[in-house]
Each structure stands twice: as C-alpha cells, then as structure tokens.
Amino acid sequence: MYMTAQRKLLFRYFSEHPDVSVTARQLCDVLNNGDQVNIGLSSIYRNLAALTKAGFILQTISQDSKEARYRYVSPETCGHRLHLTCLRCGKTVHMTQKLSDRLLTDILRVEDFAVDENQTTVYGLCRDCREQRT
C-alpha cells in the first residue's frame, strides 16, 4: 500500500493510540487541532477505507451513535487475541490469551465454527461506563 502524507498521519495517530476507538469526525478534530497538516473529513473517510481494506485498522459501528468507529490493529499485540470494546467510550482492551483461547476452542467444539480472532471484537460497557450509569 502506498502511504500518502495523509495516510501516514492517520497511521501515526492510530499507532500512538492503539487501544482507542475513534470516529472519523473525532479524528478530523484531533488531527486539525494544532500545527498538524490540515486534512478534510472526506479525505479522512477515504483513507480510513483504504487502511481498513489493507488490514491496518478495524471498522466497527457504535450502538450509541450509529457512527463508524476505527481502531488500530497491532500485529504485536492484536494477533490471535479477541478484543473487548466499550460501546459508550470506545475504549478497547485485549482479552487475556487464556480466556481468548478457551472461548475460541469452545466455539469451534460446540458450534463447529472457526472464528477469525484478528477480526473479532466483543462489545459491551467497560467498568467506568457501567459505574457512570448507576
């Protein structure tokens, strides 16, 4: 994949924020705040699509806003691990390897279905967001 200046800017943001899930609008605000190169929202969407297609980031839909969220896929930490993503704040954490392996093994054994763990995220509410609701 050819890395344009805009793709490099997006890729750098994601690699510096590996466990954050953001919308295109949030990226636009963050990247255009300060002395960074200005990048338009349509360019962000176009480049996010290219980075998603290349497998560098994952796209998910948030229940709260119905807006797509994007997060980095790190080959060092994300390979063969399931992810837990908060539907409210977008925070993403890696499921422990032991729990991930056990869940994947059980799904294969019971449902005869092999899950692509590099593309799989479990959605819910993190502890902080659950505590804010009560």
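I started with the largest pocket, which holds about 170 Å³ of space. A reminder to myself: this is a predicted model.

Next I looked up the lining of the largest pocket. It is made by Leu84, Thr85, Cys86, Lys91, Val93, Val122, Tyr123, Gly124, Leu125, Cys126, Arg127 and Asp128. Strand S4 (83-86), strand S6 (121-124) and helix H5 (127-133) are the elements that each give two or more residues to this lining. I sorted the lining by class and got 7 nonpolar, 2 polar and 3 charged residues.

**Cavities**

How many cavities of 30 Å³ or more does a search of the whole structure find? I noted 2. I used a probe idea here: rolling a probe the size of a water molecule over the atoms shows where empty space is left.

The second largest cavity has a volume of about 30 Å³. Around it I listed Ser21, Leu58, Thr60, Arg69, Tyr70, Arg71, Thr85, Thr121 and Tyr123. The elements giving two or more residues to that lining are strand S2 (57-61), strand S3 (68-72) and S6. Which element gives the most to it? I found S3, with 3 residues. By class, the lining of the second largest cavity comes out as 3 nonpolar, 4 polar and 2 charged.

I also put the two lists side by side. Thr85 and Tyr123 are in the lining of the largest pocket, and Thr85 and Tyr123 are in the lining of the second largest cavity too.

**H1 against H2**

Then I turned to the helices. Helix H1 (residues 5-16) packs with H2 at an angle of about 100°, and their axes are 12 Å apart. Angles of 65 to 115 degrees count as roughly perpendicular, so I wrote H1 down as roughly perpendicular to H2.

From H1, the residues in this contact are Leu9, Leu10, Tyr13 and Phe14, and they meet Leu27, Val30 and Leu31 in H2. The class count for this contact was quick to write: 7 nonpolar, no polar and no charged.

**H1 against H3**

H1 and H3 pack at about 70°, with axes 10 Å apart. That angle makes H1 roughly perpendicular to H3. I checked the handedness as well, and H1 passes H3 in a right-handed crossing.

On the H1 side, the contact is made by Gln6, Arg7, Leu10, Phe11 and Phe14, and on the H3 side by Ser43, Ile44, Asn47, Leu48, Ala50 and Leu51. I counted 7 nonpolar, 3 polar and 1 charged residues in the contact of H1 with H3.

**H2 against H3**

Last pair. Helix H2 (residues 24-31) and helix H3 (residues 41-53) pack at an angle of about 120°, their axes 9 Å apart. Is H2 oblique or roughly perpendicular to H3? The angle makes H2 oblique to H3. H2 passes H3 in a right-handed crossing.

In this contact, Ala24, Arg25, Leu27 and Cys28 of H2 meet Leu41, Ile44, Tyr45 and Leu48 of H3. The residues divide into 7 nonpolar, no polar and 1 charged.

Methods
Residues numbered from 1 in each chain as written. Predicted model: local features only at pLDDT ≥ 70, side-chain atom pairs only at ≥ 80, totals over all residues. Heavy atoms only, no water. Axes fitted to C-alpha atoms, helices over the stretch in contact; angles between N-to-C directions. Helix = DSSP H or I, 4+ residues; strand = E, 2+ residues; numbered from the N terminus. Parallel < 35°, antiparallel > 145°, perpendicular 65-115°, else oblique. Left-handed = near helix turned anticlockwise from the far one by under 90°. Contact = heavy atoms within 4.5 Å. Nonpolar A, V, L, I, M, F, W, Y, C, P; charged D, E, K, R; others polar. 1 Å grid on protein atoms, 1.4 Å probe; cavity = no way out; pocket = protein on both sides within 12 Å on 5 of 7 lines; lining within 4 Å. Points joined across faces, edges and corners; volume = space filled by probe spheres on them.
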